[in-house]
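Open the model in your viewer and keep the selection panel at hand. The tour goes stop by stop.

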Amino acid sequence: MGAGLSSIIGLAKALELQGDSRKALGMVGDSTFFHSGINSLIDVVSAEANVIACILDNSITAMTGHQENPGTAKNLMGLPFPQVDLVALVRATGIGEDRICIVDPMKLDEMQDAINAGLAVSGPFVIITKSPCALLKEVIRANAGKHCVIHSDKCKGCKMCMKVACPAIAFENGKAVIADPASCNGYGLCKQMCKFDAIERIGE
């Protein structure tokens with residue numbers, strides 16, 4: 001709980017002592033950040049650790065059963081509640097405006113640009129990914145009917161689409177296939193990875 005940001009401080013300092021310029025990257029969910037991760041981010045800033053701290057804001061407490069958290073504008077009873085501004089909270093730790101990137105993690109180019117921006121500077125850098133949990137009922141309803149199709153005649157078997165670790169995709173007879181259509185939510189990360197236009201997103 002919060003170690004995703006605290007442990008990278010030690011890793012960054014160990015790399016620094018070895019003369020290694022690589023940057024440590026750690027992640028924490030929005031709920032855990034409110035619970036204990038903010039302490040770790042404060043330590044990151046005070047230690048001037050050479051890290052990328054990534055806060056995965058999926059607007060729910062997914063780890064323990066989809067409870068509300070201080071950033072969801074509802075209390076545990078589902079009633080309206082003052083929402084804590086996650087970005088303002090990050091800024092309050094001392095992270096400069098030019099060291100915070102807010103991105104949609106479903107857009108791989110945005111995500112890569114944010115990582116590159118973090119790697120280009122020395123010291124703390126924060127990436128906040130904002131995308132609601134795919135298991136939320138309202139998200140499931142909004143994505144109803146959306147799915148991906150892989151055209152085997154275009155698939156070159158490069159396995160790039162497998163890199164997103166989607167449970168719906170398998171590799172059979174030298175080709176990628178949607179082996180479990182029920183697991184495909186149509187987000188299209190696989191489509192973004194494909195260099196041969198072999199994947200089509202239905203219901204966009």
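Select Gly71. Beyond its neighbours within four places in sequence, Gly71 is in contact (heavy atoms within 4.5 Å) with Phe34, Gln83 and Val84. The model is predicted: local features need pLDDT of at least 70, side-chain atom pairs count only at pLDDT 80 or more, and totals for chains, interfaces and linings use all residues. Residues are numbered from 1 along each chain as its sequence is written, and side-chain values use heavy atoms, with hydrogens and water left out.

Gly71 lies in the loop between strand 2 and helix 3 (86–92). Helices (H or I, at least four residues) and strands (E, at least two) are DSSP runs, numbered from the N terminus. Gly71 has a relative accessible area of 16%, so it counts as buried (under 20%; exposed is over 50%, partly exposed in between; 1.4 Å probe, protein chains only).

Next, Asn50. Look in the loop between helix 2 (30–46) and strand 2 (51–57). Asn50 is buried because its relative accessibility is 17%. Show side chains: Asn50 makes a polar contact with Lys23 at 2.6 Å (N or O atoms within 3.5 Å, one able to donate a hydrogen and the other to accept it; residues adjacent in sequence count only if both atoms are side-chain atoms).

Now select Lys159 and Phe171. The charged end of Lys159 sits over the Phe171 ring, 4.6 Å from its centre (NZ of Lys or CZ of Arg within 6 Å of the ring centre and within 35 degrees of the ring normal).
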